[in-house]
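Subject: Structure for you to look at

Hello,

Here is the structure I promised to send over. Please open it first, then read my notes below.

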Amino acid sequence: MKVKSAVLRESGVKAPYAESLPIKIETIELDSPERGEVLIQIKAASLCHSDLSVINGSRPRPLPMALGHEASGVVVEVGEGVMDLEPGDHVVCVFVPSCGHCLPCKEGRPALCEPAAVSNTAGTLFNGGIRLHNDNEKVYHHVGVSAFSEYAVVSRNSLIKVKKGIPFEKLALFGCAVITGVGAVSNTANIKLGNTVAIVGLGGIGLSALLGAVTAGASRIVAVDINEAKLTQAKELGATDVYNSTDPDVVESIREATGGGLDFAFETAGVVPAMEVAYGITKRGGTTVTTGLPHPEHHFSFPYVSLTAEEKSLKGSYIGSCVPERDIPHFINLFEQERLPVDKLMTNFISLEEINEGFDTLAKGEASRVVIKF
Ligand SMILES: [Zn+2]
Ligand SMILES: [Zn+2]
């Protein structure tokens, strides 16, 4: 079938993207689902920083690539061997498929699934296949999903079946921002009632982490960003203290106000200055958790002695250390009970044709989540 899809043809071009237009809306060929695959109609997809990292070249990927991974949709057709989904089912896409058989999967850490790391880097579906073409030219899949498209063929392993009745634009957020942000708090850090928390970087993942910290019963939540509007939003969502990180004394100010720092500091921006703030405001005995995906050549340095003498810990958190089959339905239940109001993260709605402008908004740090409704 022919589908309208957002295809990145060149990475590393200069912003503003509304002028340089790195993403083209093209009508390309989508093959039928093969064994273990599913054709879905995309209902909503949101713009995420990891799409932006492919656009700006900090995560090099094969091109041309059809972008988009934070999405929800409806099953249209299932390939051979898919026994547990049927047309009409509502699904959320996950950007790390999991095989269920490799050692990390067996150990309950599907975020580290070994074959998924290979297929995501190669720009293919989980089984190595490519279902998008422009005549004879292959169009690669972004993290096995390619959701900025009217329809997508994805591996069964990239889908989570969810209950019906939740608006699709809200569902989409659960596939990346929510599992990454809330998962970092609930799984990676496993925070306890009364812990003190800082969130450095208030994009979709940072604000999700903030909501997760509120839900988990953090006693103090310090929110840090360079954008005043984000700090105002963080206060509305439950931050107890907010700080602008353009202030050169921000680390000292927070340490002083909190009696030496916080139990947990979450860095979600993926840039070294944010990581320095997060580590600096982690208290003695505390843990710095990062969900950021920085440029692979960027290095973060810290006083080596602090790990020992202050018993500090550093932890990475990929896809919120989640088990998506367990956590996505769980987080959706919390949302329905109004205990995890993730819909407040949706700040902008655009059409597929406005995608370059949408990424400008995201790159400038002016939006939490920009959502495309189909
Ligand atoms: Zn994402
Ligand atoms: Zn696996």
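Predicted model: local features only at pLDDT ≥ 70, side-chain atom pairs only at ≥ 80, totals over all residues.

**The zinc site**

Start with the zinc ion (ligand 1). Its protein donors are C48 through SG, H69 through NE2 and C176 through SG. Along the sequence the donor residues follow the spacing C-x20-H-x106-C. C48 sits in the loop between β3 (37-47) and α2 (49-55), while C176 belongs to helix α5, so this pair ties together parts that are 128 residues apart in sequence. Are the two cysteines, C48 and C176, buried or exposed? Both C48 and C176 are buried.

**Helix α5 against helix α6**

Now follow helix α5, residues 168-188, to helix α6, residues 204-215. Their axes come within 7 Å and cross at roughly 45°. α5 and α6 are therefore oblique to each other; the cut-offs for that reasoning are 35 degrees, under which a pair counts as roughly parallel, and 65 to 115, which counts as roughly perpendicular. The crossing of α5 past α6 is right-handed.

Which residues meet here? From α5 they are A177, V178, T180, G181, V182 and V185. From α6 they are G204, I205, S208, A209, G212 and A213. By class, the residues of this contact of α5 with α6 split into seven nonpolar, five polar and no charged.

**E169**

E169 is also placed in helix α5. How accessible is E169 — buried or exposed? Its relative accessible area is 17%, and buried means under 20%, so E169 counts as buried. Setting aside neighbours within four places in sequence, E169 contacts A44, M346, F349, V371 and K373.

**L132**

Last, look at strand β7, residues 132-134, where L132 lies. L132 has a relative accessibility of 3% and so counts as buried. Residues up to four places away in sequence are left out of its contact list. That list has V3, I28, E29, L30, A66, E137, K138, V139, H141 and S146. One of these, S146, is 14 residues from L132 in sequence. From C-alpha to C-alpha, L132 and S146 are 9.4 Å apart in space.

**Where to look**

Then turn to the right-handed crossing of α5 and α6.

Best wishes

Terms used:
Residues numbered from 1 in each chain as written. Chains lettered and ligands numbered in written order. Heavy atoms only, no water. Axes fitted to C-alpha atoms, helices over the stretch in contact; angles between N-to-C directions. Helix = DSSP H or I, 4+ residues; strand = E, 2+ residues; numbered from the N terminus. Parallel < 35°, antiparallel > 145°, perpendicular 65-115°, else oblique. Left-handed = near helix turned anticlockwise from the far one by under 90°. Contact = heavy atoms within 4.5 Å. Nonpolar A, V, L, I, M, F, W, Y, C, P; charged D, E, K, R; others polar. Donors = N, O, S within 2.8 Å, 3.2 Å for Na, K, Ca; no water. Buried < 20%, exposed > 50% of the residue type's maximum accessible area, 1.4 Å probe, protein only.
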